Structures are given as structure tokens and as C-alpha cells.
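Please look over the sequence and the structure below before reading on. A short report follows them.

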Amino acid sequence: MPKQYMSGSTLFMLTIAAAIVAANAYYVHPIIGRVAVEFGVDQAIVGAVPAFNQIALALGIFLIMPLGDRISNRRLVLVCLTAQLVGLFIMALATDFWLFVAGSAILGFFTITPYLLPAYTSKRVAPDKLGHATAMISTGVVAGLLLSRTGSGLIAELFGWRTVYW
């Protein structure tokens with residue numbers, strides 16, 4: 001029986017998923033001033049949000065990524081996506097600044113999904129489509145990074161910054 005490979009539409013959906021999960025960690029950048037005002041914190045203190053997020057992301061890459069060699073990428077992605085949702089909910093509902101920072105750190109720590117998707121995809125595409133598949137996932141990650149800032153700023157302007165996290 002011939003091996004079943006991922007369809008083009010599935011690859012496209014994974015590309016969109018890569019964009020969304022990569023974007024999650026970067027929504028705060030254009031709205032950080034609004035967050036500071038809402039929580040009544042100094043502009044210097046509010047910088048803890050992206051700082052803790054990015055430090056947590058680096059720790060997640062260092063501590064969780066190696067598990068991809070021992071645990072199925074699919075299972076690891078599902079765990080990380082669930083934890084990202086928890087981080088987003090905490091950020092959307094936080095009434096305390098440091099709880100918001102903790103949510104951001106949780107979100108950052110588990111935002112390794114974009115780095116797991118290429119390995120997941122590479123095992124499910126035809127060998128002659130591997131370069132194309134890798135390029136698609138990489139394009140999704142970069143698009144997510146770039147569009148997250150524009151999108152979150154626009155959403156915050158129209159509907160408030162908490163809507164970004166919902």
C-alpha cells in the first residue's frame with residue numbers, strides 16, 4: 001500500500017496555523033501603551049510583558065523543543081496549543097498587572113509550536129515536496145510575526161486591547 005501524504009489544503013491550513021500561533025507572542029508590542037494605562041503601571045515597568053514573554057520563549061525552545069525527539073510532534077503541539085490558550089485567557093481576563101505578565105510568560109513558554117510544525121510536516125509530505133512544504137510553513141511563521149503587530153493594533157483601536165487576546 002502506498003504511503004499517504006499530506007494534501008495541499010492540509011499544508012495550507014498548517015501554514016495558517018503556523019501564522020496564528022507565531023503571532024500570539026507578538027500581539028502586545030503595538031498595544032503596550034494601552035496596557036500600561038489600563039493597569040496604571042509606568043512605561044518602564046510595562047516592558048516586563050514582552051521581556052518575560054521572550055525570555056519564556058527562549059526557555060521553551062531550550063526545555064520543550066528537545067522533547068520533540070521523544071514525544072510525538074502532534075501530541076506536543078496539542079499540549080503547547082492548549083497551554084497557549086490558557087496564557088491568552090489569563091491575559092484577556094487579568095485584573096492585576098503581574099497576572100497579565102504571568103499569562104504572557106506562559107504564552108511565550110509554549111509558543112514553540114511554529115518550530116515543531118516543520119518537523120511534523122516533513123514526515124507527512126512527499127520527498128519531492130519537502131522544500132515547498134518547509135517554505136510554506138516558514139512563510140506562515142514570518143507572516144504571523146509581521147501581521148500580528150498590525151492586526152493587534154487595529155483590533156485594539158477598534159474594539160479595545162483585551163479583544164486582541166480573545
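## Basis of the report

This is a predicted model, in which local features need pLDDT of at least 70 and side-chain atom pairs count only at pLDDT 80 or more, while totals for chains, interfaces and linings use all residues. Residues are numbered from 1 along each chain as its sequence is written, and side-chain values use heavy atoms, with hydrogens and water left out.

Helix 1 covers residues 8–23; helices here are DSSP runs of H or I with at least four residues, numbered from the N terminus. At 1.5 Å a residue, the 16 residues of helix 1 should span 22 Å, and the end C-alpha atoms are 23 Å apart, which agrees. The expected span is 1.5 Å times one less than the number of residues.

The buried residues of helix 1 are Leu 11, Leu 14, Thr 15, Ala 18, Ala 19, Val 21, Ala 22 and Ala 23. Buried means under 20% relative accessible area, exposed over 50%, and partly exposed in between, with a 1.4 Å probe and protein chains only. Helix 5 (73–93), helix 7 (113–122) and helix 8 (130–159) are among the elements that cover these buried residues. Contact means heavy atoms within 4.5 Å.

Phe 12 also lies in helix 1, but counts as partly exposed because its relative accessibility is 46%. Together with Met 13, Ile 16 and Ile 20, Phe 12 forms a nonpolar patch on the surface, with about 400 Å² of accessible area in total. A patch is made of residues with over 30% relative accessible area and no salt bridge, where like charges are joined within 9 Å and nonpolar side chains (Val, Leu, Ile, Met, Phe, Trp, Tyr) within 5 Å. Accessible areas come from the Shrake-Rupley method with a 1.4 Å probe, and for residues only the protein chains shown count as cover.

## Helix 4

Helix 4 (residues 48–63) has 16 residues, and the distance from its first C-alpha to its last is 21 Å, close to the 22 Å expected at 1.5 Å a residue. In helix 4, the buried residues are Ala 48, Val 49, Pro 50, Asn 53, Ala 56, Leu 57 and Gly 60. Their cover includes helix 2, helix 3 (43–46), helix 6 and helix 7.

An α-helix has 3.6 residues a turn, so residues three or four places apart point the same way.

## Aromatic pairs

How many aromatic pairs does the structure hold? There are 10. Rings of Phe, Tyr and Trp (its six-membered ring) pair if their centres lie within 6.5 Å; planes under 30 degrees apart count as stacked, over 60 as edge-to-face and the rest as tilted.

In one of the pairs, the rings of Phe 39 and Phe 100 have centres 5.5 Å apart and planes at 45°, so the pair is tilted. Phe 39 lies in helix 2 (residues 32–39) and Phe 100 in helix 6 (residues 97–109), so the pair ties together parts 61 residues apart in sequence. Both Phe 39 and Phe 100 are buried. The rings of Phe 100 and Trp 161 have centres 5.3 Å apart and planes at 90°, so this pair is edge-to-face. The pair links Phe 100 in helix 6 to Trp 161 in helix 9 (residues 161–165), 61 residues apart. Relative accessibility is 0% for Phe 100 and 6% for Trp 161, which therefore counts as buried. Phe 39, Phe 100 and Trp 161 belong to one aromatic cluster that also holds Tyr 27, Phe 97, Trp 98 and Tyr 165.

Met 91 lies in helix 5 and is buried, with a relative accessible area of 1%. Not counting residues up to four places away in sequence, Met 91 touches Phe 100, Gly 103, Ser 104, Leu 107, Trp 161, Arg 162 and Tyr 165.

Ser 148 is found in helix 8 and is buried, with a relative accessible area of 3%. Leaving aside neighbours within four places in sequence, Ser 148 is in contact with Ala 23, Tyr 26, Tyr 27 and Ala 143.

## Salt bridges

A search of the whole structure finds two salt bridges. A salt bridge is a side-chain nitrogen of Lys or Arg within 4 Å of a carboxyl oxygen of Asp or Glu. Arg 34 forms one with Glu 157, the closest N and O atoms being 2.5 Å apart. Arg 34 lies in helix 2 and Glu 157 in helix 8, so the pair ties together parts 123 residues apart in sequence. Arg 34 is partly exposed at 36% relative accessible area, whereas Glu 157 is exposed at 54%.

Glu 38 forms a salt bridge with Arg 162, with the closest N and O atoms 3.2 Å apart. This pair links Glu 38 in helix 2 and Arg 162 in helix 9, 124 residues apart. Glu 38 is partly exposed, with a relative accessible area of 45%.

Key
Helices (H or I, at least four residues) and strands (E, at least two) are DSSP runs, numbered from the N terminus.
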